[in-house]
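I opened my notebook to look up a few things in this structure. My notes follow in the order I took them.

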Amino acid sequence: MTKTCAELFQGMECTIIGDGSEEVAGLAFRSDAVCSGDMFFCIVGNVVDGHSFAQDAIDRGATSLVAERKVYLADATDVTEVVVADSRKAMAGAAAAFYDHPSEGFSLVGITGTNGKTTTTYLVEHIAEVAGNRCGVIGTVGNKIAGIVEKSDHTTPESPDLQKLFARMRDAGCTVVTMEVSSHALDLKRTWGTDFAVTAFTNLTQDHLDYHHTFDDYFEAKALLFSAAYPARRVINIDGAWGRELLRRCTEAGDEVITTGFDTTAQIHPLEVAFEATRTVATLEVRGARVEVSYPLVGRFNLENVMTAFGCALSLGIPTDVIVRALATMPPVPGRLEQVPAPAGAPVTVYVDYAHTPDALAKAIASIQALSAGRTIVVFGCGGNRDASKRPIMGQAALAADLAVVTSDNPRHEDPRAIIDDILAGMEGAEGFIVEPDRRAAIAAAIAAAEPGDAILLAGKGHEDYQLVGDEVLAFDDRQVAAEELIRAFGETEND
Ligand SMILES: CC(=O)N[C@H]1[C@@H](OP(=O)(O)OP(=O)(O)OC[C@H]2O[C@@H](n3ccc(=O)[nH]c3=O)[C@H](O)[C@@H]2O)O[C@H](CO)[C@@H](O)[C@@H]1O[C@H](C)C(=O)N[C@@H](C)C(=O)N[C@H](CCC(=O)O)C(=O)O
Ligand SMILES: Nc1ncnc2c1ncn2[C@@H]1O[C@H](COP(=O)(O)OP(=O)(O)OP(=O)(O)O)[C@@H](O)[C@H]1O
């Protein structure tokens, strides 16, 4: 059912210039995407001022404008103009109203943190499904409605796209939706006006300082999800100082909190753990009770994600025995410590992992080392036109492996060799690493350098099946390339 302009802004502080009674057909924030009857939101961006596209939007058929200053109207036109203090907040609020506040129609779990968001959302989805829910998922790998996956452009979509997606999930009968909430999204108010049942924090380590500039600002963006703007039950990993600060704030605010982590004071923490080749078996203390879990994910960091997901599931009211049963059958998460199929008898094991932050790279290398008796070889690079300050730290982290192969990872508009030079600044004094800007050749070099029993970690691209070079999206899938190079090195027959 369509809404009028005035209905979308009911209860919001704004000045409506014009009639306000016409129906709004849709919401647009890009002038070139405007359709007839749309409401166009003028947003002051980091690159351009969206107010300068108001005329363009009207010419394309917009019948109402939302702006932070009066931009368009000569007095007697049939275009309604809504003047607000903050166009992004207004857009998110109007979008929630446009779709009848869909997030109130299911239990929404919002997960934020530098690493582990995707994995934790998948874990919560699986547990909720086993508990009998129909689920929606929103995140980096794609959006899922009751098991059907769609590609996504953003980890957390812009508010009109997000609310539309929520509405589709509500209309499809989803009872639990689990979503990744990026720091960009929180800062840009994409989730404003959304009703969360549970918000969860995984960790905070270096990333995205190209956008947030300082660690404090990065943290404050994440912390918004735990502020009065988003009342919810909280799940907080308290292994790091940032998590403990969040806990302090949430406790002070009187929020209901479940703490998780290796920290023995956490309400959910491990007592004993065995990291096996294809699964992890652990005894957890869960709010004072001993709980045995066994799940087919590997790596120490995944235990952190499992504990966070456990906390989210308890916050949703899912019983412990159902959570334990669900964890036992957890499907793999695409591109997260995923083993590449190898020819029979190939003496090396190759893993693909999405580690593209220094902390993730360090933890992925440590996880591989714990799984493998041989040496660990890491192939990695850093993205172009993204946080350059993390490059030398990634280089340093890679030195934990026995051999590092430095290569390209979505160079975008930067020269791959210049990116590699930034990485090498963190590897000064180290010996024996290989530099190979061509990612396929780098993977081949790692396989050629491997000795029987070695494990190779291809870090950075995970589930991605492309390489971003300039404006081009070139087909490139680490999993496929590694499988081909393994066949080239060791023959044709594949293992199961
Ligand atoms: C850094 C960032 O997030 N930027 C977002 C921001 O862009 P901006 O402030 O630069 O916008 P701008 O280009 O100056 O334009 C200002 C306004 O004019 C409008 N415009 C612009 C040109 C035009 O011809 N017509 C028009 O109407 C734009 O739609 C915009 O509303 O606002 C735009 C929409 O208003 C977003 O599309 C854009 O996301 C860009 C595409 C992006 O790449 N974002 C990434 C970094 C992002 O959000 N990533 C996180 C996850 C990160 C992670 O964890 O890895 C995510 O949640 O996806
Ligand atoms: N709890 C964790 N702590 C540190 N590193 C982790 C953790 N969980 C996953 N990782 C590492 O981060 C990589 C990405 O994991 P995941 O996709 O779950 O995180 P994310 O927060 O969604 O990342 P992004 O925001 O970049 O999509 C994994 O491949 C792994 O290397």
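I began with a term: helices are DSSP runs of H or I with at least four residues, numbered from the N terminus. I also noted that this is a predicted model.

**Entry: ligand 2**

I looked up what lies around ligand 2. I found 22 residues surrounding ligand 2. The closest are Asn115, Gly116, Lys117, Thr118 and Ala355. Which elements give two or more residues to this shell? I listed α4 (117-130), α10 and α12 (358-371). The largest share comes from α12, with four residues. I then sorted the shell by class. I got five nonpolar, ten polar and seven charged residues. Domain 2 (102-327) and domain 3 (338-490) each give at least three residues to the shell.

**Entry: domains**

Next I checked the domain assignment. It gives domain 1 (3-98), domain 2 (102-327) and domain 3 (338-490). How far apart are the C-alpha centres of domain 1 and domain 2? I read 33 Å. I then looked at where these two domains touch. Ten residues of domain 1 are in contact with ten residues of domain 2. On the domain 1 side, helix α3 (residues 87-98) gives the largest share, eight residues. By class, that side of domain 1 has seven nonpolar, one polar and two charged residues.

**Entry: the nonpolar core**

I turned to the largest nonpolar core. I found 145 residues in it. Leu361 and Ile456 have the most contacts inside this core. Which helix gives the most to the core? I wrote down helix α10 (residues 300-315), with eight residues. I then followed Leu361, setting aside its neighbours within four places in sequence. Leu361 is in contact with Ala355, Phe380, Met394, Ala397, Ala398 and Ala459.

**Entry: Lys222**

Last, I looked up Lys222. An unreviewed UniProt entry annotates Lys222 as "modified residue: N6-carboxylysine". I took that from the record. I found Lys222 in helix α8 (residues 215-223). Is Lys222 buried or exposed? I counted 23 other C-beta atoms within 10 Å of Lys222. A residue is buried if 20 or more other C-beta atoms lie within 10 Å of its own. Lys222 is therefore buried. I also listed what Lys222 touches, not counting residues up to four places away in sequence: Thr112, Ser183, Leu186, Phe201 and Leu204.

Note on methods
Residues numbered from 1 in each chain as written. Chains lettered and ligands numbered in written order. Predicted model: local features only at pLDDT ≥ 70, side-chain atom pairs only at ≥ 80, totals over all residues. Core = buried A, V, L, I, M, F, W, Y, C linked by C-beta atoms within 7 Å. Buried ≥ 20, exposed ≤ 12 C-beta atoms within 10 Å, placed from the backbone. Contact = placed C-beta atoms within 7 Å. UniProt positions renumbered as here; feature names shortened; annotations may be inferred. Near = placed C-beta within 6 Å. Nonpolar A, V, L, I, M, F, W, Y, C, P; charged D, E, K, R; others polar. Domains from an automatic or database assignment.
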